[in-house]
Amino acid sequence: ATGDRPARYPEAALAARAARVLRDNDTGAVITAAPRLYPHMWSWDAAFISIGLARLDVQRAIAELETLFAAQWRNGMVPHIVFTDDDAYFPGPDRWGTEAAPDGPRNVRTSGICQPPVHAIAVQRVLEVARRSSPDDRRAAERFARKIWPALYAWHRWLVEYRTPGSSGLVAIVHGWESGMDNSPRWDVPYDAVHPGAALPPYVRKDVRVVGDASERPTDREYDRYLWLIEEMRRAGYDQRKIVENSSFLVGDVFITALFAISCDVLVELGEEFGQPAGELADLADWAEKARAAVAGSCHSVSGMARDRDLRTSRWLDTQTIAGFSPLLCGGAPDDVQLRLLSLLDSERWCGHEGLLAPVPPSVSPLRPGFNPRQYWRGPQWPVVAWVFFWAFEHRGWHERARKLRDAGIRLTEDGAFGEYYEPFTGKPLGSADQSWTAAVVLDWLC
Ligand code: 2M8
């Protein structure tokens with residue numbers, strides 16, 4: 001079964017290879033998300049990349065986050081892609097056409113949507129690493145944390161002002177790409193209601209040329225919908241109020257809501273340390289509490305799993321995926337629900353499945369109908385997602401659980417390929433090789 005996994009690197013050699021991936025993916029201006037498939041800066045990738053970079057070069061880690069936030073929109077949104085000049089990725093800046101957006105940045109081209117808010121976590125991690133590194137690094141990281149705090153606050157405020165519509169309290173997404181879990185079965189039902197119009201301009205995909213096996217990527221039918229939503233946003237001039245009111249896709253994302261809650265907590269911790277305004281700290285504490293309550297309120301009464309909510313139809317989405325474990329990230333659900341989720345996570349439906357090469361939670365349960373071990377967010381394991389749970393468990397004081405996840409993550413990635421995602425039974429790396437965020441989280445685990 002492990003025929004596709006020739007090497008097993010000892011930890012020091014694995015760390016050296018991970019460092020090399022980050023160096024090789026550095027254009028001088030940004031670390032691209034992956035060498036060929038993703039030749040730009042992605043928002044949540046950049047956050048994780050900075051966490052790994054901090055282990056190599058604190059100043060470079062800071063620069064990465066500064067570059068991302070230099071592209072922040074005037075209304076507070078942190079865009080999901082900051083484009084380099086490379087045109088090997090589709091959809092590129094011309095297709096997005098965000099120049100027309102009144103709130104867009106002027107000196108850099110970006111996409112017109114966002115991604116999960118994990119940036120406060122990255123700033124705090126960089127700071128922790130810098131403090132153990134050298135007095136110079138410590139000073140630089142403290143200066144940076146103080147300086148970026150208002151931008152992080154503005155980003156969080158944007159999510160509340162524009163993206164928390166209705167009464168569910170869940171942070172809403174207007175495109176599956178915003179979730180970071182693009183073609184997860186979480187979005188199948190809401191995407192069924194997206195009908196690409198005849199006016200969808202023609203396009204040619206580039207991703208399937210890079211990834212040798214197209215079945216590891218989303219389908220053309222899915223891409224039509226992804227592109228149609230962009231078309232709707234262009235037509236709305238990237239006016240958030242209009243988009244949230246009218247777009248064919250509006251879903252409360254429980255995973256983002258949980259990440260938002262813990263990122264607000266972290267921003268409060270940082271803000272208290274650096275003397276930020278009391279009113280803004282109070283806002284963040286309030287937003288964290290409401291987000292937590294929204295995650296808890298989404299839990300299914302029998303399974304305990306958290307659910308997304310289709311805000312166009314006001315229906316819960318019962319698809320069971322890794323996002324169902326969101327309450328374990330942020331807390332707030334009753335103890336019996338959390339215990340149920342922990343035993344489910346350990347069970348043969350998830351990490352305890354006896355066929356897994358490593359007990360890293362797959363994106364979808366291997367026992368769920370429709371589970372596909374090779375296709376993107378429909379089954380494979382994602383080391384970066386394991387890192388998110390690892391970090392949250394550490395933060396909650398669940399050290400033994402955190403350690404086990406870290407060990408499982410290393411076991412999965414010790415072939416040194418730094419795959420974008422992995423086939424859970426064979427451990428074959430899939431999608432892009434030398435994916436920056438995979439290398440980055442492995443570095444964080446190892447150093
Ligand atoms: C994937 O998403 C992009 C679109 O944003 C794509 O498939 O073209 C996702 O895995 C996303 O979470 C990730 O940030 C991005 C870059 O690694 O790739």
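Which residues does T98 touch, not counting residues up to four places away in sequence? They are W73, T110, S111, G112 and Y238. This is a predicted model.

**T98 and T110**
- T98 lies in the loop that runs between α4 (93-96) and α5 (119-133).
- T110 is also placed between α4 and α5, in the loop.
- T98 has 6% relative accessibility, so it counts as buried.
- T110 is buried too, with a relative accessible area of 1%.
- The T98 side chain reaches the backbone oxygen of T110, at 2.8 Å.
- T110 uses its own side chain for a polar contact with the side chain of W73, at 3.0 Å.
- Leaving out residues up to four places away in sequence, T110 touches A71, W73, P79, I81, F83, W96, T98 and P105.

**Ligand site**
- There are 17 residues around the ligand. D45, Y89, G180, D182 and Y376 come nearest.
- W42 places a polar side-chain atom 2.9 Å from a ligand oxygen atom.
- H80 has a side-chain N or O atom 2.9 Å from an oxygen atom of the ligand.
- For Y89, the distance from a side-chain N or O atom to an oxygen atom of the ligand is 2.5 Å.
- On its own the ligand has 410 Å² of accessible area, and the protein covers 100% of that area.

**Helix α13**
- Helix α13 spans residues 278-297, which makes 20 residues.
- From first C-alpha to last, α13 reaches 28 Å, close to the 28 Å expected at 1.5 Å a residue.
- Which residues of α13 are buried? They are L281, L284, W287, A288, A291, R292, A294 and V295.
- Viewed down the helix axis, the buried residues of α13 fall within an arc of 160°, so they line one face.
- An α-helix has 3.6 residues a turn, so residues three or four places apart point the same way.
- The exposed residues A278, E289 and K290 sit on the face of α13 turned away from its buried side.
- Cover for the buried residues of α13 includes α6 (135-163), α12 (254-273) and α14 (326-330).

- Most residues other than glycine have a negative phi, and most peptide bonds are trans.
- The peptide bond from F90 to P91 is cis, with omega near 0°.
- P91 lies in the loop between β2 (81-82) and α4.
- Y376 is not a glycine, yet has a positive phi of about 50°.
- Y376 is found in the loop between α15 (335-346) and α16 (383-395).
- Buried or exposed? Y376 has 3% relative accessibility, so it counts as buried.
- Y376 is also one of the residues that come nearest to the ligand.
- F418, a residue other than glycine, has a positive phi near 50°.
- The loop between α17 (399-413) and β7 (421-422) holds F418.
- F418 counts as buried because its relative accessibility is 0%.

Conventions. Residues are numbered from 1 along each chain as its sequence is written. This is a predicted model: local features need pLDDT of at least 70, side-chain atom pairs count only at pLDDT 80 or more; totals for chains, interfaces and linings use all residues. Side-chain values use heavy atoms; hydrogens and water are left out. Helices (H or I, at least four residues) and strands (E, at least two) are DSSP runs, numbered from the N terminus. Buried means under 20% relative accessible area, exposed over 50%, partly exposed in between (1.4 Å probe, protein chains only). A polar contact is a pair of N or O atoms within 3.5 Å; within protein, one must be able to donate a hydrogen and the other to accept it, and residues adjacent in sequence count only if both atoms are side-chain atoms. Contact means heavy atoms within 4.5 Å. The expected span of a helix is 1.5 Å times one less than its number of residues. The arc is that of the directions from the helix axis to the C-beta atoms. A residue is near a molecule or strand if one of its heavy atoms lies within 4 Å of it. Accessible areas come from the Shrake-Rupley method with a 1.4 Å probe; for residues, only the protein chains shown count as cover.
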